[in-house]
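Here is a short walk through one protein chain. Keep the coordinates open and follow along.

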Amino acid sequence: MEQTKAKCKCKRIKDKAKKLFTWGRQSEGKSSKSNKSDDTGHTVGSTVLDDVVSPERGDVDLPSDHDIPLCDTVAPPLDGDTPLATEEKLLKDMCTKGHERLVVLLQPSCPLGNDYRLLAAKMGYTNEDIKHLESSHEPVKELMIKYDTGRRTIAELVSLLQQIDRPDVVQDLQPYIDSTLTPREIQERMHLTNTNVVQRTVKTFYHAFVCFADEDKPFVDKLVKKMENKRNLHLCWPERDFLPVGSHLETTALAIERRCNKFIVILSQNYENSQGAIYQAQIATSLAPGAKEKRIIPVLIDEGYRCSIPRTLSHITYLDYLRQDERNFWNLLCQTLTCNI
């Protein structure tokens, strides 16, 4: 009986000693301060080990260094040890001309079949989705708007273009890719404005965003002057109101979605040839599809374009500058801008 008790006590001593040794290796600094030397020169810790273990006892086998299990947990890397996602250039930050170049290169049917349709298939779209794209007036733009949701990177797009064997597109896009800033660089530029609020336009609120082709600028000059000087309204005109921070595309989307109550689009044959104006209109229709009839205000200024209005805008009642008295037209436009959505 006494031998059995001795064995049990020895086992308990071994277990406690093993725990204390493991604890001692993990907190060596602390344990060294809490230890004291006795008269014989042995180190005695200020723990329960004093009462149960004596180095001179031969019946207790203390665990050696090889018996003590080492911790196999690897410490997570510091923030600076891994590349941040913000270092990747985002597709939405590429300039408008880069997106326009995509349309020019991918939209025409390719004999090898590696045009926008194969790219859409690589992106994961179904045959039904691709057929729908084919019926669109601007299939490449619609594809990129659908694809560029979230934080799609330019590197992802380049990889897809390489998979469909279109190195020519990658080569043509390279200057635009090189000029695109990373999200970190964009953020750093924003900090230069010395403001806690991201300010990308001159004002925080506009009655409407004005979308037009460059050739229609004389009419837009007149429109802005009529609405702002005489009606005390505020219109967002990118050339004048955009601040030089961040991506032009992102600034456009931000202004249309959050800072402009409505969206004026000037319809003419020039609009048909303006990729920038068409892209802005697509942003407006995609941001508020349920309320686009009330929010978007088409203004027709070209008789020759009356029968060519795009399907995305043809079902919306437009203001006809050509068939109305000019004074009545400006009054009607002002009423449309100030009415509630």
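Which residues of α7 are buried? They are Pro139, Val140, Lys141, Glu142, Leu143, Met144 and Tyr147. Helix α7 covers residues 139-147. With seven of its nine residues buried, α7 is mostly covered. Bear in mind that this is a predicted model.

Now look at a partner of this helix. Helix α4 spans residues 96-106 and packs against α7. Two packed helices are described by the angle between their axes and the distance between the axes. Here the angle is about 130 degrees, and the axes of α4 and α7 lie 9 Å apart. Angles over 145 degrees would count as roughly antiparallel and 65 to 115 as roughly perpendicular, so α4 is oblique to α7. The crossing of α4 and α7 is right-handed.

Next, the residues at this contact. From α4 come Leu102, Val103 and Leu106. They meet Val140, Lys141 and Met144 of α7. By class, the α4 contact with α7 holds five nonpolar residues, one charged residue and no polar ones. Val140, Lys141 and Met144 are also among the buried residues of α7.

How far does the predictor trust the model? The mean pLDDT of the protein chain is 75, and 68% of the residues reach at least 70. Among the elements, strand β4 (residues 235-236) has the highest mean pLDDT, 94. Helix α3 (residues 49-52) has the lowest, 40. The pLDDT is below 50 over residues 27-85, a stretch with 40 contacts in the model beyond near neighbours in sequence. Residues 193-197 are also below 50, and that stretch has one such contact.

Technical notes: Residues numbered from 1 in each chain as written. Predicted model: local features only at pLDDT ≥ 70, side-chain atom pairs only at ≥ 80, totals over all residues. Heavy atoms only, no water. Buried < 20%, exposed > 50% of the residue type's maximum accessible area, 1.4 Å probe, protein only. Helix = DSSP H or I, 4+ residues; strand = E, 2+ residues; numbered from the N terminus. pLDDT = per-residue confidence, 0-100. Contact = heavy atoms within 4.5 Å. Axes fitted to C-alpha atoms, helices over the stretch in contact; angles between N-to-C directions. Parallel < 35°, antiparallel > 145°, perpendicular 65-115°, else oblique. Left-handed = near helix turned anticlockwise from the far one by under 90°. Nonpolar A, V, L, I, M, F, W, Y, C, P; charged D, E, K, R; others polar.
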